Amino acid sequence: MLKSMKQKFGGMKKEVGKSREDSGLSSSSAAKSSSSGLMKNSPGSSSSSSTPREKPPLPVISDQTLAAYYAEPLPSMRDVSAAERQNLFVQKLHLCAFTFDFTDSDKDVREKEVKRQTLLELVDYANSGAGKFTEAVSEDIVFMLNRNLFRSLPPVNPNGVDNYDAEEEEPSLEPAWPHLQIVFEFLLRYVVSNDTDAKVAKKYIDQKFVLDLLELFDSEDPRERGYLKTILHRIYGKFMVHRPFIRKAINNVFYQFIYETEKHNGVTELLEILGSIINGFALPLKEEHKMFLMRALMPLHKPKCVALYHQQLAYCVTQFVEKDAKLAELVITALLKYWPVTNSQKEVLFLGELEEILELTQAAEFQKVMIPLFKQLSNCLNSQHFQVAERSLFLWNNEHIENLVAQQRHQLLPLVLPALEDNTASHWNPAVHGLTCNVRKMFQELDEALFEECQRKDNDDLMGKAQEMEECKRKYDDDLMGKAQEMEAKEKKWEAVNRLAHAKAPSLAESQLPRYLVRECKAAPVH
């Protein structure tokens, strides 16, 4: 879906790119003339610098123009007059639009260092005061950003290793980071600057630009994802017109991750952005936001790599429940739907998230989900993985959860008491055994009559199950005895048949034939 949205806006950018190429420098001489013009207007020159020149056109990116742009160094911002600084600013933007191959450290060494120093100068110029980011230079700024930032990311498993696990492998760092870091710094300053008018800049920081940024979130380099998180959050805050589109685009990234790939490096950072966004949702919550919770956030509990981003996911979910307590029923039901069966690590994470949700749950919503919830909790209490059993017993240390359980003790104690009794009698872990005794004592002190009644019913159930098992064992023994008698009768019948065969065939009297040979003898005609 992300690719289809990019194609939707791709046509418009192609036309803009074509017009840029038509108006760009067609030869190296044009690049030289634009740079030499500034040199002539420097303070040491005899010509007047009071008349501002026309802004240079966007460059044509090629090896020839690269050589021309980097042939002669541009003057420093401090060495030209104030009237010429914006033109020099544009020229330096064009200079930095050229990219280099950082996989070969011996290639274009001088040019790489010139570009790095120029980028640093651009950042310093942006910090030096107001009036730098005008509408006239916005096109040149975004052109430079597009050329540097938006690129094809390397494959996650470049060597084709079998059983590749991104969680255990070291992330591959971006080789061009010495330049990219400064470009990200420049973009951040452009977005947050008071000079950047959102109504004007939205023509350049458009939906295509946002989609390209979102694609970069799959980068393996955590440094890049950190910058992207901050920049996208700032764009969301400043460009209000893009807010619904950004939320929808993030949804599409999650859908692709959940239902197609289950591989994406930037889920954690996107959830951190959403945590801040959800915190700012107005009340009452829109239906669109509730659908986002149930269709995008809750299914994120399904992938096996949920541990990588669970902390941020749980924060987003609890933000929804905190804003609308009625959502607790839907959230707990969805959590039970995705409850892990064989992954104990995920179970511990789910129990921690469940406690946070139950702290925000009111009695009315708790009553709607308590039966399936405590059936699952009773299974967790009996888990042989001590961390799962221990984490589920810790729920009773929460005062709010304890009060909810106390109000519904008549329905819940019969569900959990058998699990508590089993743990008390036979759990292997001493810590779990001790916690079980504490919870059991708490129920007993809460309502001793109810506890004794449930215990009596549990004992009766155990006796009934024991009798049922005994009856099954008796039936099994009877079946075995019946089969043994049947086999004995067959053996006697076989011996009689064997004697009859020996009588009719005296030559076989010396040895007893195996059954299959006797059957062959019986099948053959007797003469």
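Trainee: Which residues in H17 meet which residues in H20?
Mentor: Bear in mind that this is a predicted model. On the side of H20, the residues in the contact are Gln411, Leu412, Leu415, Val416, Ala419, Leu420 and Asn423. Their partners in H17 are Phe366, Met370, Ile371, Phe374, Lys375, Ser378 and Leu381.

Trainee: How do the residues of the contact of H17 with H20 divide by class?
Mentor: Charged residues account for one and polar residues for three. The remaining class in this contact, the nonpolar one, has 10.

Trainee: Are H17 and H20 roughly parallel or roughly antiparallel?
Mentor: The axes of H17, residues 363-381, and H20, residues 409-426, come within 9 Å and cross at roughly 5°. Because angles under 35 degrees count as roughly parallel, the relation of H17 to H20 is roughly parallel.

Trainee: At what angle do the axes of H20 and H21 cross?
Mentor: H21 covers residues 430-446, and its axis comes within 10 Å of the axis of H20. The crossing in which H20 passes H21 is left-handed. The angle between the two axes is roughly 145°.

Trainee: How many charged residues does the contact of H20 with H21 have?
Mentor: From H20 the contact includes Arg409 and Glu421, and from H21 it includes Arg440. By class, the contact has eight nonpolar and four polar residues, while the charged ones number three.

Trainee: How many of the residues of H12 are buried?
Mentor: H12, residues 267-279, reaches 18 Å from its first C-alpha to its last, close to the 18 Å expected at 1.5 Å a residue. What covers its buried residues includes helices H9, H10, H11, H13 and H14. Among the buried residues are Leu270, Leu271, Ile273 and Leu274. H12 is mostly covered, and of its 13 residues the number buried is 10.

Trainee: What is the phi of aspartate 108?
Mentor: Most residues other than glycine have a negative phi. Aspartate 108, in the loop between H4 and H5, is not a glycine, yet its phi is positive. With 28% relative accessibility, aspartate 108 counts as partly exposed. The phi of aspartate 108 is about 55°.

Trainee: Where is glutamate 262 found?
Mentor: Glutamate 262 has a phi near 55°, again a positive value in a residue other than glycine. Its relative accessible area is 31%, and therefore glutamate 262 is partly exposed. Glutamate 262 is found in the loop between H11 and H12.

Conventions: Residues are numbered from 1 along each chain as its sequence is written. This is a predicted model: local features need pLDDT of at least 70, side-chain atom pairs count only at pLDDT 80 or more; totals for chains, interfaces and linings use all residues. Side-chain values use heavy atoms; hydrogens and water are left out. Axes are lines fitted to C-alpha atoms, for helices over the stretch in contact, and angles run from 0 to 180 degrees between N-to-C directions. Helices (H or I, at least four residues) and strands (E, at least two) are DSSP runs, numbered from the N terminus. Angles under 35 degrees count as roughly parallel, over 145 as roughly antiparallel, 65 to 115 as roughly perpendicular and the rest as oblique. Contact means heavy atoms within 4.5 Å. Ala, Val, Leu, Ile, Met, Phe, Trp, Tyr, Cys and Pro count as nonpolar, Asp, Glu, Lys and Arg as charged, and the others, Gly among them, as polar. The expected span of a helix is 1.5 Å times one less than its number of residues. Buried means under 20% relative accessible area, exposed over 50%, partly exposed in between (1.4 Å probe, protein chains only). A crossing is left-handed if the near helix is turned anticlockwise from the far one by less than a right angle, and right-handed if clockwise.
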